[in-house]
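The following exercises ask the reader to trace contacts in a structure, one step at a time. Each task is followed by its worked solution.

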Amino acid sequence: MKEILIEEAKKAMQNAYVPYSNFMVGAAVLMKSGKVYTGANIENSSYGATVCAERVAIFKAISEGETEIKEIAVVTETETPSSPCGICRQVIAEFCDDAIIFLANTKGNVIETSLKELLPMAFTKKNLKK
Ligand code: THU
């Protein structure tokens, strides 16, 4: 699924709304159901209301009734692939035990990692049990 997911993320990146940073990000998430959802970053004049590509894709999936993330691809136009921000890592952690994450750039470089590697010892719903 790696190549397909990266390709979908690359396509989604074209819809990034980035008038402030001019930094386009595309994401594609494969859910355990087998369905793929995509997203791009959407910025805002208040800056703080900006939503990252990863969260757009994940929230689209969850709001359509999906429950568990299997794999995620994130694509940027940078020299080296970039990694999800801290808030996105926490959101990914909510919907998976250990998702595989592909970090890619438009030059074809791909880094394969996992949520466990990007967010070790995550605080999750399990921690809320007394
Ligand atoms: N951005 C993402 O879409 N995903 C990330 O994980 C990192 C940052 C976006 C937010 C903002 O629109 C732009 O990249 C610059 O921070």
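**Exercise 1.** Determine whether Asn105 is buried or exposed, and identify what its side chain reaches.

*Solution.*
Step 1. Asn105 has a relative accessible area of 2%, and therefore it is buried; buried means under 20% relative accessible area, exposed over 50%, and partly exposed in between, with a 1.4 Å probe and protein chains only. The model is a predicted one: local features need pLDDT of at least 70, side-chain atom pairs count only at pLDDT 80 or more, and totals for chains, interfaces and linings use all residues. Residues are numbered from 1 along each chain as its sequence is written, and side-chain values use heavy atoms, with hydrogens and water left out.

Step 2. Asn105 belongs to strand 4 (residues 100-105); strands (E, at least two residues) and helices (H or I, at least four) are DSSP runs numbered from the N terminus.

Step 3. The side chain of Asn105 reaches the backbone oxygen of Glu79 at 2.9 Å and the backbone nitrogen of Asn109 at 2.8 Å.

Step 4. Not counting residues up to four places away in sequence, Asn105 touches Val75, Thr76, Thr78, Glu79, Thr80 and Pro81, where contact means heavy atoms within 4.5 Å.

**Exercise 2.** Locate Asn41 and find which backbone atoms lie by its side chain.

*Solution.*
Step 1. Asn41 is placed in the loop between strand 2 and helix 2.

Step 2. Because its relative accessibility is 6%, Asn41 counts as buried.

Step 3. A polar atom of the Asn41 side chain lies 2.8 Å from the backbone oxygen of Phe23, and a polar atom of that side chain lies 3.0 Å from the backbone nitrogen of Val25.

**Exercise 3.** Name the residues whose polar side-chain atoms lie by an oxygen atom of the ligand, and state how much of the ligand the protein buries.

*Solution.*
Step 1. For Asn41, the distance from a polar side-chain atom to a ligand oxygen is 2.9 Å.

Step 2. For Glu43, an N or O atom in the side chain is 2.5 Å from an oxygen atom of the ligand.

Step 3. For Glu54, a polar side-chain atom lies 2.7 Å from an oxygen atom of the ligand.

Step 4. The ligand taken alone exposes 370 Å², of which the protein buries 76%; these areas come from the Shrake-Rupley method with a 1.4 Å probe.

**Exercise 4.** List the buried residues of helix 2 and the elements against which they pack.

*Solution.*
Step 1. In helix 2 (residues 53-63), the buried residues are Ala53, Glu54, Arg55, Val56, Ala57, Ile58 and Ala61.

Step 2. These buried residues pack against strand 1 (25-31), strand 2 (36-40), strand 3 (69-76) and helix 3 (86-94).

Definitions and conventions. A polar contact is a pair of N or O atoms within 3.5 Å; within protein, one must be able to donate a hydrogen and the other to accept it, and residues adjacent in sequence count only if both atoms are side-chain atoms.
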